[in-house]
Amino acid sequence: MEKSSVCVIINPVSGTESKKNIPEEVASAFDQTQFDVVIRITGYPGHATEIAKQAVKNKFAYVLTAGGDGTVNEVAKALVNTDTVLGIIPFGSGNGLARDLRISMDSEKAIQTILDGNVRTIDYGSANGHIFFCTCGVGFDAFISDKFAEEKKRGPLGYVRNIVEGVIEFRSEEYEITHDGGTLNERAFLLTCANASQYGNEVYIAPGADMEDGKMNVSILKPLNPNEIPQTTLQLFTRNIDKNSKMISLLTSSLTIKRKKSGVLHVDGEPVSTGKEIEVKIFHKGLKVFAPKQVEEKPPKEKENIFTAITRWINV
């Protein structure tokens with residue numbers, strides 16, 4: 001019987017945990033009589049995409065990635081619209097796609113999910129040609145992603161510090177937003193296009209998002225007063241942000257965003273510079289990925305307060 005080829009792409013600098021045991025964990029998990037496992041280590045930005053593209057060209061069955069959201073994005077965008085299946089071993093600071101797919105943060109359990117062989121075929125998005133799988137957006141979240149990209153040490157505490165500082169510095173902008181149902185003009189604190197329900201770290205910007213419906217959930221949060229920030233933060237942590245009185249929610253397959261000047265757009269948490277106009281589209285069922293079988297979710301924790309929510313988030 002011909003063996004299936006498996007490529008494991010490891011980003012040694014993503015996240016906060018060591019990955020030195022991953023090659024041995026993966027190699028020992030796969031039956032060597034059925035699989036050829038190749039380990040590759042990334043050395044620079046974009047390297048993971050290059051490796052993944054080569055793996056697709058060489059008809060690898062699976063490409064596994066051990067890294068954070070940026071590495072997952074780099075690998076996954078090389079696999080869209082191919083038969084190669086993505087496997088995620090989460091090691092990032094946010095792990096947005098892995099969390100939304102209910103993949104364990106424990107590497108051994110994540111590898112077992114891959115071995116179990118349950119494959120989902122999910123949607124992906126494109127914003128001015130930049131592919132995303134969780135979210136893209138402009139406004140405050142793009143502003144924070146740009147600040148966070150300069151951090152030498154990543155993690156939830158870095159996010160908290162940048163958010164606190166950013167609330168003081170940031171200024172909302174005016175946007176013209178054209179979607180499947182028409183056009184609206186809004187001044188927004190943030191404007192997020194969501195394929196998945198969360199940014200990462202269990203921070204839910206679009207609780208109703210479905211990665212297999214062929215549409216994006218657009219969350220437009222109007223400017224906030226200082227006394228509205230604690231409640232809004234709690235709603236992000238407890239999957240209730242869609243109940244915020246300042247939130248406008250849209251469901252659409254495409255979106256055009258126009259703003260007065262060029263600026264930053266975040267794509268799965270990574271900042272990119274774009275022009276005044278941004279075209280966002282969703283592509284239906286374009287990525288095959290290993291994930292646990294879907295189970296019915298528990299209802300959100302309505303009574304959780306802001307302090308316990310933030311503590312839970314920091315300790316994720």
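Select Lys258 and Glu176 to begin: their side chains form a salt bridge, 3.8 Å from N to O. The term denotes a side-chain nitrogen of Lys or Arg within 4 Å of a carboxyl oxygen of Asp or Glu. Lys258 belongs to strand S15 (residues 254-258) and Glu176 to strand S8 (residues 173-179), so this pair ties together parts 82 residues apart in sequence. Helices (H or I, at least four residues) and strands (E, at least two) are DSSP runs numbered from the N terminus. Lys258 is partly exposed, at 35% relative accessibility, and Glu176 is partly exposed at 29%. Here buried means under 20% relative accessible area, exposed over 50%, and partly exposed in between (1.4 Å probe, protein chains only).

The model is predicted: local features need pLDDT of at least 70, side-chain atom pairs count only at pLDDT 80 or more, and totals for chains, interfaces and linings use all residues. Residues are numbered from 1 along each chain as its sequence is written, and side-chain values use heavy atoms, with hydrogens and water left out.

**Further salt bridges**

The count of salt bridges comes to eight. Select Lys288 and Asp83 next, whose side chains meet at 3.4 Å, N to O, in one of them. This pair links distant parts of the chain, 205 residues apart: Lys288 is in strand S18 (residues 277-290), and Asp83 is in the loop between H3 and strand S4 (85-90). Lys288 is partly exposed at 27%, whereas Asp83 is exposed at 65%.

Then move to Glu228 and Lys246, a salt bridge with its closest N and O atoms 2.9 Å apart. Glu228 sits in the loop between strand S13 (216-221) and helix H8 (229-237), and Lys246 in the loop between H8 and strand S14 (247-252), so the pair ties together parts 18 residues apart in sequence. Select also Arg120, Glu212 and Lys285, which salt bridges with shared partners join into one network.

Asp100 is found in helix H4.

Arg102 itself lies in the loop between helix H4 (96-100) and helix H5 (107-116). Although not a glycine, Arg102 has a positive phi of about 65 degrees. Most residues other than glycine have a negative phi.

**Helix H2**

Select residues 47-57, helix H2, which includes Glu50. The buried residues of H2 are His47, Ala48, Thr49, Ile51, Ala52 and Ala55. They pack against strand S1 (4-10), strand S2 (35-41), strand S3 (62-67) and helix H3 (69-79), with contact meaning heavy atoms within 4.5 Å.

**The cores**

Finally, select Ile88, Ile89, Leu97 and Leu101, the residues with the most contacts inside the largest nonpolar core, which has 47 residues. Domain 1 (4-117) and domain 2 (130-281) both contribute residues, so this core lies between them; the domain bounds come from an automatic or database assignment. A nonpolar core is a set of buried Ala, Val, Leu, Ile, Met, Phe, Trp, Tyr and Cys residues joined through side-chain atoms within 4.5 Å.
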